[in-house]
Structures are given as C-alpha cells and as structure tokens.
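I opened a new entry for this chain.

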Amino acid sequence: MPRSPVVARTRAGASVLAALTVTALVATGQPATAAPAPPAAEPLNRAFDRAAQEYGVPRDLLAAVGYGESRLDGHAGKPSQANGYGVMHLASNPDNRSLEKAAALTGEPADRLRRDTAANILGGAAVLRDHADRLGLDRTERRDVNAWYPAVARYSEAEGPAAALYADTVFTFLAQGLTATAPGGEEVRVPSRPVAPDKDEVSAAGVYAQSPDYPSALWVAASSQNYATGRTATINKVVVHVTQGSYAGSISWFQNPASQVSAHYVIRSSDGEITQTVRDSNTAWHARSANSSSIGLEHEGWVDNPAWFTDAMYRSSAALTSHLAARYSIPKNRTHIVGHSEVPGNDHTDPGVHWDWNYYMQLVGGSPGTPGDSLTFPSYAVQQSGSSGPQVKAVQQLLNAQGYAAGTADGIFGPATKSATQAFQRARSLTADGAVGPKTWTALLSAGTTPALARGSSGDAVKRLQRSLTAALGTTVGADGSFGPTTETAVRNYQSSRGLSVDGKVGPATWGALQAGR
C-alpha cells in the first residue's frame with residue numbers, strides 16, 4: 001500500500017498510556033521492573049543485542065516488535081497467512097516486501113532470513129532502521145525510543161488505523177514491560193518505562209471508531225474486494241479461526257485487495273480487544289462453504305503455540321459469540337459454533353488442538369458437545385452385513401426414523417439392519433439387496449418433508465438436501481443447512497444428470513427423484 005507522506009514530528013506532551021488501545025499483557029509476558037536486563041548470554045538475546053548495535057535500533061524496541069509479531073517463535077521457517085517469516089515477520093507479498101528489503105540491506109539470502117532466527121532479527125533491525133532513515137531521524141532522535149513510533153508503524157506496512165494499532169501495541173509492551181520465554185526456553189526481558197511516542201506522523205484517524213454492529217469493538221474496514229456485499233443465506237453459525245499472524249497484521253492483511261480473505265472480527269491475544277472489519281450483514285471470505293451463513297472470528301496467534309490463547313481472549317471472544325447467538329438466534333452448541341477445520345470443504349486445521357472448546361463453550365453459556373452431527377459425512381461408503389462404525393449407526397438412525405425397525409443404533413450391521421434396509425428398498429422400488437449403496441443412501445438421507453427450496457433457504461431440510469446430494473453425486477456438498485451458491489450448483493448438476501428441468505431450485509420433481517434414490 002502507498003505510504004503516508006512524511007510530515008513534521010513533534011513530541012507528545014503526555015504519557016501514551018492514556019491513549020494506547022492495549023492495556024494488558026499476553027499471558028506469557030509479565031510486567032517487569034525497571035531493573036536492567038541480565039547479561040545476554042543466550043542466542044536470542046545475543047541476536048537482539050547484535051542487531052540493535054549494528055543498525056542503531058533500540059534493543060528493547062526491537063524485542064517488543066519481535067514479541068508482538070511472533071511471541072519470539074520463528075515457526076521453523078513456516079510462513080504466516082500474509083507470507084511472513086520468522087521472529088520479525090519478514091514478509092513477501094504484493095504490498096509488503098520486507099523480506100526482499102531485508103535481503104538487500106543485509107546481504108543475507110532470503111532463505112536464510114526465513115529460517116535463521118539471528119539473521120531474521122538482523123533483517124528486522126535493518127528494515128526498521130531504513131524506515132527511520134526515510135523519516136529523517138538523526139542520531140540523537142534514534143536514541144529516543146519515542147521517536148521510533150512512526151518507523152514502527154511503517155514496519156507494519158499498513159496504513160491509518162491498522163498502522164496505529166500495530167505501533168500502539170509495541171509501545172504498550174515497552175510501557176508495561178514483559179518477560180517472555182521463547183520456544184527453546186530462553187528468557188527475553190523488556191523492562192517497563194514511561195513512554196510518550198511521537199505520533200504526529202501517523203494518521204490515527206478512525207483508530208477509535210466504534211464497531212457498527214458490536215459496540216465493544218473497534219471498526220477498521222477490510223478492502224471491499226475481500227468480501228461480498230449482502231448475504232445469500234441466513235446467519236446460523238459462528239466459525240472460530242486462528243490468524244497465523246499478529247492482530248494488527250491480520251487487520252492489515254484484510255485491507256490488502258490481493259489477499260482475497262477477510263473475517264468479521266479479529267480478537268487480540270493480550271487483552272481481548274476486538275476489531276470488526278466486515279459488517280455482519282455482509283459475507284466475509286473466511287470459511288468457503290460456510291461463508292454465506294456464518295460470522296467469522298479470527299483470534300490472534302498460531303495453532304501450534306497455546307501461549308496465544310489467553311483468558312482475556314477467551315472471555316472477550318465468548319462474550320462476542322454469546323452476543324451474536326442472541327442477535328441471530330444461533331443455537332449455543334458445537335453444531336453451530338464450530339472451528340474452521342470443522343467446516344465442510346476446508347483444509348485448514350485451526351483453531352487446533354490447543355483451543356479449549358469446553359472452556360470456551362462454558363463461557364459462551366452453551367453446551368460443549370461435539371461438532372457436526374451423526375448423519376453428516378464428506379462421502380457415504382457402501383454399508384452391508386458385517387460393516388460397522390459411525391456410518392452404520394447413521395443408517396440405523398435413518399431407518400428407525402422412517403419406521404423401519406433396524407434395532408438399536410449400535411453401529412453394527414447385523415440381521416435386523418439388513419432386514420430393515422430391504423424393507424425400505426422395496427418401498428422405494430430399489431433393488432432389495434440389503435446393502436446401502438449410493439441409491440439407498442440418497443433415498444434415506446432425503447427422506448422426510450419436501451418443502452420448496454432455493455438460494456437463501458436454510459434449516460434442516462436444506463441440510464437433508466445437502467447430505468443426499470453428497471450421496472447422489474459422489475462429491476462433498478457442505479451440509480451447513482444454508483442454501484448458497486455451492487448448493488445451487490450441486491442441485492443443477494443433479495438435475496442435469498438425472499434428466500430433470502435444470503433451474504437450481506428444489507421442488508416436487510427434484511425431491512421425488514432424490515427420495516426414489518435416483
């Protein structure tokens with residue numbers, strides 16, 4: 001994104017603490033006294049010391065930037081969602097070329113900057129110093145940590161509110177102090193100090209704008225190219241994500257038209273601050289098949305590091321989810337409050353094994369339970385005598401619900417289940433072989449009422465339709481209960497392949513074909 005023009009800098013006259021938007025530390029960073037840091041004998045401390053000395057960047061500022069970006073975890077060279085690397089999050093994307101800039105400034109190859117922590121920290125220091133030089137900071141000003149505020153804002157490669165949020169977070173770490181333990185066990189300290197950053201060069205207009213949908217949140221709009229205006233389905237779920245990056249960095253990423261992603265809300269790790277980036281009434285691009293019917297909540301952090309999931313974050317996010325559930329009549333259970341990894345058609349793993357669902361649902365005031373339901377699968381395999389498992393249990397539940405005595409739904413395909421299957425097949429004029437293949441699955445899954453359905457419909461009938469289309473077509477149709485574009489396409493494919501009138505709507509003819517197992 002284009003940078004703001006350089007303007008004259010003046011000293012702020014009051015402490016920044018009253019103006020900062022972050023007032024608490026992450027769980028892994030505790031307030032530190034003003035005592036001097038211990039001698040830097042370990043690799044990470046040595047790297048910060050060396051980089052600070054070589055590029056004339058205050059050591060504690062450098063450490064605070066790294067902590068805010070990564071919790072001092074380089075993730076073994078794995079990229080963030082914005083394609084950023086290492087402790088200092090050196091990025092390579094259309095609007096942030098800090099990795100390439102670091103390589104040019106230090107002479108280090110890009111691959112080493114990605115994977116080697118010491119090189120990465122050196123690169124981060126070089127980029128910060130370059131921003132300071134472009135702002136015209138002289139030697140005396142560079143000794144004053146407060147003069148670095150606009151350089152830190154520029155390091156974010158964001159603009160306006162997102163850049164100010166980023167710099168405010170770093171300067172809160174400086175003001176509060178922190179003691180952080182890196183993944184290898186090394187301790188990095190930043191002593192607390194009074195701060196009064198020079199903010200005049202940074203446009204903070206809108207930083208304190210209130211969310212239009214959730215009064216407790218801030219508002220920083222995502223790029224209009226990263227979401228769709230309006231909804232094609234009723235809101236009926238909340239999807240929990242993890243950013244794989246920093247809070248301000250993720251907000252900035254949603255402002256980048258090249259990212260083609262967004263979420264409705266982003267929650268900060270340190271204090272649970274929330275920023276809304278897409279209106280509830282619009283469709284954020286965060287969960288593929290569930291986009292049209294869900295609200296997406298991004299949580300600052302990485303799935304492999306539980307230190308990001310603070311109590312402040314859990315409580316703040318749960319309060320938001322509870323509000324959304326009340327506003328949009330979303331049931332407070334694990335069928336409707338789900339993780340990104342639980343949405344059909346997604347290949348993401350967030351929020352991951354470290355996310356405490358039981359605690360979160362307790363805070364929401366709902367039922368922990370388990371995600372999804374016992375009838376929904378990405379594909380339906382043939383079940384017959386001798387089969388066992390959750391799909392057999394689904395067959396038994398469906399048969400019993402239709403009045404065919406399959407016995408206890410125990411997941412074991414025995415004589416009673418076979419007999420009930422044959423009776424159901426005869427009633428539907430299917431081959432009565434007692435095996436549940438695609439046709440029998442389609443008829444079983446679609447059984448029930450036959451309301452007219454079209455794009456924008458929602459509810460259990462849509463979910464039945466989506467399951468039966470999955471069985472009939474042999475491809476996964478996300479069973480989220482919302483009739484969106486993906487479901488309409490699947491309906492058209494089914495109608496075309498079965499010789500039906502192709503209109504993408506589900507009326508008597510389409511229901512009849514499905515319930516006959518065609």
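**Overall make-up**

I checked burial first: 56% of the 518 residues in the chain are buried. The model is a predicted one. I then looked up the secondary structure and found 17 helices and 12 strands.

**Cores**

In soluble globular proteins, nonpolar side chains tend to be buried together. The largest nonpolar core has 70 residues. I noted which members touch the most others: F48, L61, L62, L72, I121 and V152. Helix 8 (residues 160-176) gives this core its largest share, 11 residues. Domain 1 (44-190) and domain 2 (218-364) each supply at least three residues to this core.

I followed up L61. Which residues does L61 contact, leaving aside its neighbours within four places in sequence? I found V145, W148, V152, V170, F171 and L174.

Another core lies apart from the largest one and has 29 residues. I wrote down I274, F309, A318 and L324 as being among them.

**Second largest pocket**

I looked up the volume of the second largest pocket: about 430 Å³. Its lining has 23 residues. Which of them lie nearest the centre of the pocket? They are Q81, V261, E298, H340 and H348. Strand 7 (237-242) and helix 9 (247-255) are the elements that give two or more residues to this lining. Sorted by class, the lining has 12 polar, 7 nonpolar and 4 charged residues.

Key
Residues are numbered from 1 along each chain as its sequence is written. This is a predicted model: local features need pLDDT of at least 70, side-chain atom pairs count only at pLDDT 80 or more; totals for chains, interfaces and linings use all residues. Side-chain values use heavy atoms; hydrogens and water are left out. On a 1 Å grid over the protein atoms alone, a cavity is a set of points where a 1.4 Å probe fits but cannot get out, and a pocket is an open set with protein on both sides within 12 Å along at least five of seven lines; lining residues have an atom within 4 Å of a point. Grid points are joined across faces, edges and corners, and a volume is the space filled by probe spheres set on the points. Helices (H or I, at least four residues) and strands (E, at least two) are DSSP runs, numbered from the N terminus. Ala, Val, Leu, Ile, Met, Phe, Trp, Tyr, Cys and Pro count as nonpolar, Asp, Glu, Lys and Arg as charged, and the others, Gly among them, as polar. A nonpolar core is a set of buried Ala, Val, Leu, Ile, Met, Phe, Trp, Tyr and Cys residues joined through side-chain atoms within 4.5 Å. Buried means under 20% relative accessible area, exposed over 50%, partly exposed in between (1.4 Å probe, protein chains only). Domain bounds come from an automatic or database domain assignment. Contact means heavy atoms within 4.5 Å.
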